[in-house]
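Keep the viewer open as you read.

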Amino acid sequence: MMSYWEIVAVTMGTLYLILAMRENSWCWVAAFIATCIFSGIFYTAKLYMEAGLQIYYAGMAVYGWWHWQYGGNNMPIAISQWTAPKHLLTLSGILIFSFISGVLLSKNTQATFPFLDSIVTWGSLITTFMVTRKILENWLYWIALDSLAMCLYFNKGLYLTTGLFGIYIVLAILGFFQWLKKDREKVAFSHAIAST
């Protein structure tokens, strides 16, 4: 059953992503509000990894706001990309930690969908860090993670949140191409300056 708090959290979550696409630092304020509300919603639904993840998100919202403003030597940071080996290491880490926490949750708690919950959680931990650093590929990670999260939330009856993550997938696709365009423009500008 949908609640007033879920509606507010979904609204702020959507606002966060729209502002992030535009590289607007106010996205982190919307993220902070959404995560505080979602922590209570997920705890009530016995999605303990997701509830804990929201606390991390709140901290990263504060860090993300600061880093976007001042992280580039007191200037806004630019979009960048990770190498293939770095992505391979990242994905391996997500799978290993997800397996360990999935086993621990299934043995020691009443958590539902412990392995799926763990993958979404560990993947989101890393991907949120990627957003704070404006790593282009964060959008591709979010597309995969949001698809898994939709399955998780739908099975817990969080239908409005499921819909939010469907919107997130669409916005992540748009966000990827928008950041890719900006990154290519930055590279083209740098080459033009270097050749003069």
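Helix 2 and helix 3 are roughly antiparallel to each other (angles under 35 degrees count as roughly parallel, over 145 as roughly antiparallel, 65 to 115 as roughly perpendicular and the rest as oblique). A word on the ground rules: this is a predicted model, so local features need pLDDT of at least 70 and side-chain atom pairs pLDDT 80 or more, while totals for chains, interfaces and linings use all residues. Residues are numbered from 1 along each chain as its sequence is written, and side-chain values use heavy atoms, with hydrogens and water left out.

Back to the helices. The axes of helix 2 (residues 27-44) and helix 3 (residues 48-70) cross at roughly 170° and come within 8 Å. Those axes are lines fitted to C-alpha atoms, for helices over the stretch in contact, with angles from 0 to 180 degrees between N-to-C directions; the helices themselves are DSSP runs (H or I, at least four residues; strands are E, at least two), numbered from the N terminus.

Now look at what sits over the ring of Trp-68: the charged end of Lys-134, 4.6 Å from the ring centre. To count, NZ of Lys or CZ of Arg must be within 6 Å of the ring centre and within 35 degrees of the ring normal.

Lys-134 belongs to the loop between helix 5 (114-132) and helix 6 (138-155), and its phi is positive, near 55°, though it isn't a glycine. With a relative accessible area of 4%, Lys-134 is buried (buried is under 20%, exposed over 50%, partly exposed in between, with a 1.4 Å probe and protein chains only). Its side chain also makes a polar contact with the side chain of Glu-23, at 2.8 Å; that means a pair of N or O atoms within 3.5 Å, where within protein one must be able to donate a hydrogen and the other to accept it, and residues adjacent in sequence count only if both atoms are side-chain atoms.

Glu-23 sits in the loop between helix 1 (4-21) and helix 2. Glu-23 has a positive phi too, about 60°, and is partly exposed at 22% relative accessibility.

Ser-80 is another contact of Lys-134. You'll find Ser-80 in the loop between helix 3 and helix 4 (84-108), partly exposed at 29%.

Finally, the rings: the whole structure has 17 aromatic pairs. One of them, Phe-165 and Tyr-168, is tilted, at 4.9 Å centre to centre and 55° between the planes. Rings of Phe, Tyr and Trp (its six-membered ring) pair if their centres lie within 6.5 Å; planes under 30 degrees apart are stacked, over 60 edge-to-face and the rest tilted. Phe-165 and Tyr-168 are about one helical turn apart because they lie three residues apart in helix 7 (residues 159-194). Phe-165 is buried at 12%, and Tyr-168 is buried at 11%.

Definitions and conventions
Contact means heavy atoms within 4.5 Å. Lists of a residue's contacts leave out its neighbours within four places in sequence.
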